[in-house]
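Here is a short briefing for a first look. Start with the sequence and the model below.

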Amino acid sequence: MAILQVENIQKSFGAIKVLDGISFSMEKGDVLSMIGSSGSGKTTLLRCLNFLERPDGGRILMGDEVLFDAADVHTHRESEIRKKRLHFGLVFQNFNLFPQYTALQNVMLARELLAKEQPDWKQNKRIIRQEIEAASMELLTQMGLKDRMGNYPHQLSGGQCQRVAIARALNLHPDILCFDEPTSALDPELTGEVLRVIRELADQNTTMIIVTHEMTFARDVASKVIFMDEGKICEMGAPQDVFGNPQMERTKQFLANYAQQG
């Protein structure tokens, strides 16, 4: 059974149609690479899945749960959207860390805010906070940042900041972890360390959607690839098929351009 079902998602900004009938599904443990030229709609699609943008049409389902239905006003309520957002973790291009907090505090913050909304927070505050801190420290250790937990973002490299952001997203236990160009803000020499972490997550059966311009990485890490063009899915399939034997002329042109740049 599909963990995620996306059906006919539409999104326009004014007269510009940015997403035009996007449909796909994912199983648990899938790694979906989304590739395409800038402006093809990839980031807008991620933002719709994370409810940072609201689609104009279509449905989003997580298992049997309808997260969003353009025809059902009930699924548009902000109180409902906040809960549904927790199904997805989003790692941004530019980290979006709070500069006034240490790496550890950045990772703990969102989970602690959620815990404060629970009825047992006041009685068990100390224990819950200790549990959150221990889990956050474990994630930062997993990211290779055991010795950087007390550092502030300005004391970290771009690659280290991005790994803090990945730990923060994982700390909320999302069903699907989403990456929006995770290496675009990094120097080339720092790109490898972030890609290595994402590969390790894929090896651990983490379900992920990755928007990337790193074609070799997109091919090697993915179980499924989507090539988007002008707000539509132009081609979708196994990486060996999309990269090795593309069927659409537009896909061939796009991959040829990247091959020339390489």
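This is a predicted model: local features need pLDDT of at least 70, side-chain atom pairs count only at pLDDT 80 or more; totals for chains, interfaces and linings use all residues.

Residues are numbered from 1 along each chain as its sequence is written, and side-chain values use heavy atoms, leaving out hydrogens and water.

**Overall build**
- The chain has nine helices and 10 strands; these are DSSP runs, with helices (H or I) of at least four residues and strands (E) of at least two, numbered from the N terminus.
- The C-alpha atoms fill a box of roughly 60 × 45 × 35 Å along the principal axes.
- Buried residues (under 20% relative accessible area, 1.4 Å probe, protein chains only) make up 50% of the 262 residues.

**Nonpolar cores**
- A nonpolar core is a set of buried Ala, Val, Leu, Ile, Met, Phe, Trp, Tyr and Cys residues joined through side-chain atoms within 4.5 Å.
- The largest has 39 residues, and Ile-166, Phe-179 and Met-208 touch the most other members.
- Elements giving two or more residues to this core include helix H3 (103-116), helix H5 (158-170) and strand E7 (176-180).
- A second, separate core of 28 residues includes Met-34, Leu-45, Ile-81 and Phe-88.

**Helix H2**
- In helix H2 (residues 78-85), the buried residues are Glu-80, Ile-81 and Lys-84.
- They line one face of the helix, because they fall within an arc of 100 degrees seen down the axis of H2, taken from the directions from the helix axis to the C-beta atoms.
- Their cover includes strand E5 (65-69) and strand E6 (88-91).

Notes. Contact means heavy atoms within 4.5 Å.
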